[in-house]
Amino acid sequence: MNETRRVLIAADKFKGSLTAVQVAERVTAGLRRVVPDLTVEALPVADGGDGTVDAAVAAGFERREVRVAGPLGQEVTAAFALRGDTAVVEMAEASGLQRLPAGVFAPLTASTYGSGELLRAALDAGARTIVFGVGGSATTDGGAGMLSALGARFLTEGGEPVTPGGGGLADLARADLSGLDPRLSSVELVLASDVDNPLTGPKGAPAVYGPQKGASPDDVETLDAALAHFAKVLEAEAGPRAAEYAASPGAGAAGGIGYGALLLGARFRPGIEVMLDVLGFAPALGRATLVITGEGSLDEQTLHGKAPAGVAAAARSAGRTVVAVCGRLALSPEALGRAGIERAYPLTSVEPDVAKCIADAGPILERVAVRIAEDYLGEDYAG
């Protein structure tokens, strides 16, 4: 038997079916049906969106929980991850769509205040480096709520605080950033996102992502104007950099919370690159002979900064073979090859019924992993 065989499973979640940790468990079980003594290393990954804290905890970070404001102001229990003086904060934990009641959207009033409270909790825990993963938000407030929680003040002409949410920013007359938490100036803040949209305009946060948060065409117009006004008022307070940040890649991430993070001095990096660094992917890759990545749907979006593309690019640079698992495959073999993925194994390859694939994703994924083992881990496989 070839003693060098070592598999690294670095897959994201199958949204709505399996967490990234469960994906790794099921793939491991399937591989070991064929090769019982196979050495498998699991490194669940995320690209900054929902599941990022869970991926960090699976990699050895400590899970910390705190009570914060949800997107509608209701109190929720949210988590961040901590290891040494590095924290991983996921805005969706406080301000994500999953924090809204079923079927309820609040495009004009949902606030990122709780995300600011999460950042403050990470500072309280002693974090000196904060990876701020943004995605899956219920909000389009430009990060105004987050900044408020960290000490900024946004006031109307009458000196009252503006109402929460992006819609309320239309009434903004004055911004005061002098009360921002002084600890922010000595912390490395990394904005981790898989989108590079600016704050406003045709490719901005309201136009591109507002509709999936329940925004009507009129709401999108209202929010775009309100965020443009927000940036203009901040320019009077913070100078030309406020306008530069509004046009910067990542400013439109998660309803514009990227803009708020840039104002705090954050450095924007593709989420999967940041998370691979934080999770210790490079040393794990060095130990592997075969890499298995994946996510729920391998499609055009995958190629633009999603976790499997980042894993495959890094693995290809290291000369490793990469295959992928997924629920649904919408990429050609040529597109997969350009991304560095030799072959993809969708659940539908063993169970054509999509409803069954969603309902029984775990057992079906195990069967898919058996096929991978038969194809890549037979006696002749040399890694």
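**Exercise 1.** Which residues on the other side of H1 are exposed?

*Solution.* This is a predicted model, in which local features need pLDDT of at least 70, side-chain atom pairs count only at pLDDT 80 or more, and totals for chains, interfaces and linings use all residues. Residues are numbered from 1 along each chain as its sequence is written, and side-chain values use heavy atoms, with hydrogens and water left out.

Step 1. Apply the cut-offs: buried is under 20% relative accessible area, exposed over 50%, partly exposed in between, with a 1.4 Å probe and protein chains only. Ala20, Val23, Ala24, Val27, Thr28, Gly30 and Leu31 are buried.

Step 2. Those residues line one face of the helix, because they fall within an arc of 165° seen down the axis of H1 (the arc is that of the directions from the helix axis to the C-beta atoms).

Step 3. On the other side, Glu25 and Arg33 are exposed.

**Exercise 2.** Find the surroundings of Glu351.

*Solution.* Step 1. Glu351 sits in the loop between strand E13 (343-346) and helix H14 (354-359).

Step 1. Not counting residues up to four places away in sequence, Glu351 touches Lys356, Cys357 and Ile364 (contact means heavy atoms within 4.5 Å).

Step 2. The side chain of Glu351 reaches the backbone nitrogen of Asp353 at 2.9 Å.

**Exercise 3.** Is Gly145 buried or exposed?

*Solution.* Step 1. Gly145 belongs to helix H5 (residues 144-149).

Step 1. Its relative accessible area is 8%, so Gly145 is buried.

Conventions: Helix = DSSP H or I, 4+ residues; strand = E, 2+ residues; numbered from the N terminus. Polar contact = N/O pair within 3.5 Å; in protein donor to acceptor, adjacent residues only side chain to side chain.
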